[in-house]
Amino acid sequence: MLLTAFLSLSGTSSQAQPLVVLDDKTPVADLQASSLVWVDADAGATIEQMAAGDFRRFMNPARTDVHYTLGPDAALWQHFRFKRSANSTQDWLLEFPFPMLDLVTVFQQDRAGRWTSQAAGDTVAVSSWPEPGRYAQFHLALDDGMAHDVYVRIAHVTPAHFPVNAISGQSRSHYLQFDYMVIGLVFGTLLLLIVAGAGQSWVYRDWAYGWYAIYATIMALVVATTSGMAGHLLWSNFAAWNNALQGVLGLLGGSAALLVVRQLCGIAGRHRWFDHAVFAVGLAGPVLAVAYLGLGRQWGVHLIGAYLLVAVVLGLAAAYTTWRRHDVVGAWVLAAFTPLAMSTALAAARLFGWVSTSWLSQYAFMLSLAIEVPLLLVALNIRSRERHGVEAREQAMASQDALTGLLARHLFEDRLRQVVARAKRQREPAAVVYIELVNYAYVKRNYGIAVAEQSLLRSVIKLRRILRDVDTVGRVDEARFGLIMEGVTSREVVTAMAARLIAAGLMPLKGLKPEVILQFHIAGVLLSEKVMEGPELSKALEAMLAGMAARTRRPIRFLEPELTRPMPLAVDSGFDEAEGHSQPAPLPVVAHSKR
């Protein structure tokens, strides 16, 4: 940046007054070291006294990156002298790119030589600013070729560094568009994540996503207030609300971030005392937010800075502890929270007056949120998937066998009763088959429970490869499975399935040690041949399996059908008209046939 300054001595001044020449070739001029400054301890000086030179002897040349601790009673005076260059055609503005500045008043002379004032800052409604925006800006009334004196009075309670620039109108429009583009990207990302969290909470009935949406909403409001956008566009007529909401949302944002990290990391089961500490600090945020409204601004800002630093330390510790136990969620939370912690620490340092106000200190927090909030959603998805998996397994334990994943016995029997009822009422065809792993007891006795359970799992795998998707399979005993095949009308279908299963069991798994084969016995019945109640049907099939010898040559058997020849509709009376006497009617013949 080219800043042309000429030193001229005022007749009543003991200090050199810089003259800033504004040129279109350098559209942005940093004025931090281009003025005379003086701290008015009791804030009692007036513009007339300053212009008359009553306090000129107390003014000193300004220095770059100076932090001022004014407090509630003092004020900082700055004296600038501007001159437009001969070839300058732009309008010029004096800007203070510090959105949280309490109050700045700019004094300029009109053509009649009278001093006029314009004010902006958090304690003034944005709608009444001379140039409403994210931070204070004032038009410079420069006459061609004439030096123009400008006095600035700044009142700010907390320790701070006050950046000040002279910027041309064209550059101001460019930077304004750039600033709102960056804020819009961050804000748009946050709004998208808010909608995504709320939608997932509604679809999956999972409150974790609802709390995430609330957290993202708080962070979006924090971005809006700290950037000055909320004061400009949302509540430009409410100065007190705009001034107070910055601190309140800062405390709520720190609290929400800490509680979200605690929920994702799940430290309660391993470090109970640390979990209690994190939870207590997180809940303290809303309480301190209410207390902030009753504190003075000076003490309130220190409260915000201290709380945010504590929240940052605890959040990083929780994420690091989770990552150390090889939890992938801890890695995501640590990656998300680290940039936010650094930017929060930078913001707290700025509140305490330890670092200067700069582009990085203003935009670091917004950019870190653009990284942190999406990464937390990834961590939340991982944790939610783990939780839903546990809940699904817990629910499945009531309906499925824990070892094989087949239907539990009571559900299989319910299903069997339904099929039998439809077979009686609507004559729907179906086959019921019981399958027993015959050598299970031998394997368990000689090779142990682990190999025996492995044999059961192998049996289920082979069975599933053979059956249709619509068939119902359940584990009805330790080594016995029940099968319902709906729509089957012939024994050939059942026999073919059973033969394939027996053949598959006799083929040992390649590389299996020990080489255990699977021996199956199958007992079945067609409901079109024999209809019994569900419990009686189960007992009959189990009795048939129990009656088979271990080395039987007929491992596939069926219950015998119950077929009868119906009685004729017209029964003979037994009276022989020709002979004139009666004959006894023959008894109906019941023919039993076996297949």
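## The second largest pocket

About 430 Å³ of space lies in the second largest pocket, where a pocket is an open set of points, on a 1 Å grid over the protein atoms alone, with protein on both sides within 12 Å along at least five of seven lines, and where a volume is the space filled by probe spheres set on the points. The model is predicted, with local features needing pLDDT of at least 70 and side-chain atom pairs counting only at pLDDT 80 or more, while totals for chains, interfaces and linings use all residues. Residues are numbered from 1 along each chain as its sequence is written, and side-chain values use heavy atoms, with hydrogens and water left out.

## Lining of the pocket

The lining of this pocket comprises 19 residues (those with an atom within 4 Å of a point), and W211, A256, L259, V260 and Q263 lie nearest its centre. At least two lining residues come from each of α3 (207-226), α5 (239-265), α6 (272-294) and α9 (359-397), with α5 giving the largest share, 8 residues; helices here are DSSP runs of H or I of at least four residues, and strands are runs of E of at least two.

Four strands form an open sheet in the order β3-β12-β7-β10, with antiparallel pairing, two strands being paired if DSSP finds at least two bridges between them. The edge strands, β3 (28-30) and β10 (136-139), each pair on one side only. Between β7 (residues 92-96) and β10 there are 4 bridges, and F96 has A136 in β10 as its bridge partner.

Note on methods
1 Å grid on protein atoms, 1.4 Å probe; cavity = no way out; pocket = protein on both sides within 12 Å on 5 of 7 lines; lining within 4 Å.
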